[in-house]
Amino acid sequence: MKVKVKCWHGVASWLWVANDENCGICRMAFNGCCPDCKVPGDDCPLVWGQCSHCFHMHCILKWLNAQHGQQHCPMCRQEWKFKE
């Protein structure tokens, strides 16, 4: 007996592996996306600071642009430097 597949629909899931479940700035889930994005994924990546805090890239960039003078992590107030 042979079975012929006429059509199939692939399904995938993914999740970000971070030290928390939500962004400390927008409070949205990391597995979702920031308020500026419509679809989660590569267009709304996570970024880590050297202090080990993690945020949506768009959220931390907005935060840093709003800071005048020195730029600090919104969670621990250490000087913000992107982890390499």
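Reader: In which segment is the place of Arg77?
Author: This is a predicted model, so local features need pLDDT of at least 70, side-chain atom pairs count only at pLDDT 80 or more, and totals for chains, interfaces and linings use all residues. Residues are numbered from 1 along each chain as its sequence is written, and side-chain values use heavy atoms, with hydrogens and water left out. Helices (H or I, at least four residues) and strands (E, at least two) are DSSP runs, numbered from the N terminus. On that numbering, Arg77 sits in the segment after H1.

Reader: What is the relative accessible area of Arg77?
Author: Phi of Arg77 is positive, near 70°, in a residue other than glycine. Buried means under 20% relative accessible area, exposed over 50%, and partly exposed in between (1.4 Å probe, protein chains only). Arg77 is partly exposed because its relative accessible area is 47%.

Reader: Arg27 is not a glycine; what is its phi?
Author: Arg27 belongs to the segment before S1. Its relative accessibility is 53%, so Arg27 counts as exposed. The phi of Arg27 is positive, at about 65°.

Reader: Which residues have the most contacts inside the largest nonpolar core?
Author: A nonpolar core is a set of buried Ala, Val, Leu, Ile, Met, Phe, Trp, Tyr and Cys residues joined through side-chain atoms within 4.5 Å. The largest such core has 17 residues, and those with the most contacts inside it are Cys23, Phe55, Ile60 and Trp80.
Reader: Which element gives the most to this core?
Author: At least two core residues come from each of strand S1 (46-48), strand S2 (54-56) and helix H1 (57-66). With three residues, the element that gives the most is H1.

Reader: Why do the buried residues of H1 line one face of the helix, and within what arc do they fall?
Author: The buried residues of H1 are Cys59, Ile60 and Leu64. The arc is that of the directions from the helix axis to the C-beta atoms. The buried residues line one face because, seen down the axis of H1, they fall within an arc of 125°.

Reader: Against which strands do the buried residues of H1 pack?
Author: On the other side of H1, Asn65 and Ala66 are exposed. Contact means heavy atoms within 4.5 Å. The buried residues of H1 pack against S1 and S2.

Reader: Is His56 buried or exposed?
Author: His56 is placed in strand S2. Leaving aside neighbours within four places in sequence, its contacts include Cys23, Cys26, Cys33, Cys34 and Cys44. With a relative accessible area of 0%, His56 is buried.

Reader: Which residue forms a salt bridge with Asp36?
Author: A salt bridge is a side-chain nitrogen of Lys or Arg within 4 Å of a carboxyl oxygen of Asp or Glu. By this rule the count is one. Asp36 is partly exposed, with a relative accessible area of 47%. The closest N and O atoms are 2.8 Å apart, and the partner of Asp36 is Lys62.
Reader: How many residues apart in sequence are the parts that this pair ties together?
Author: Asp36 lies in the segment before S1, whereas Lys62 is in helix H1. The pair therefore ties together parts whose separation in sequence is 26 residues.

Reader: How far apart in space are Val17 and Phe30, C-alpha to C-alpha?
Author: Val17 lies in the segment before S1, and is exposed with a relative accessible area of 67%. In sequence, Val17 and Phe30 are 13 residues apart. C-alpha to C-alpha, their distance in space is 8.7 Å.
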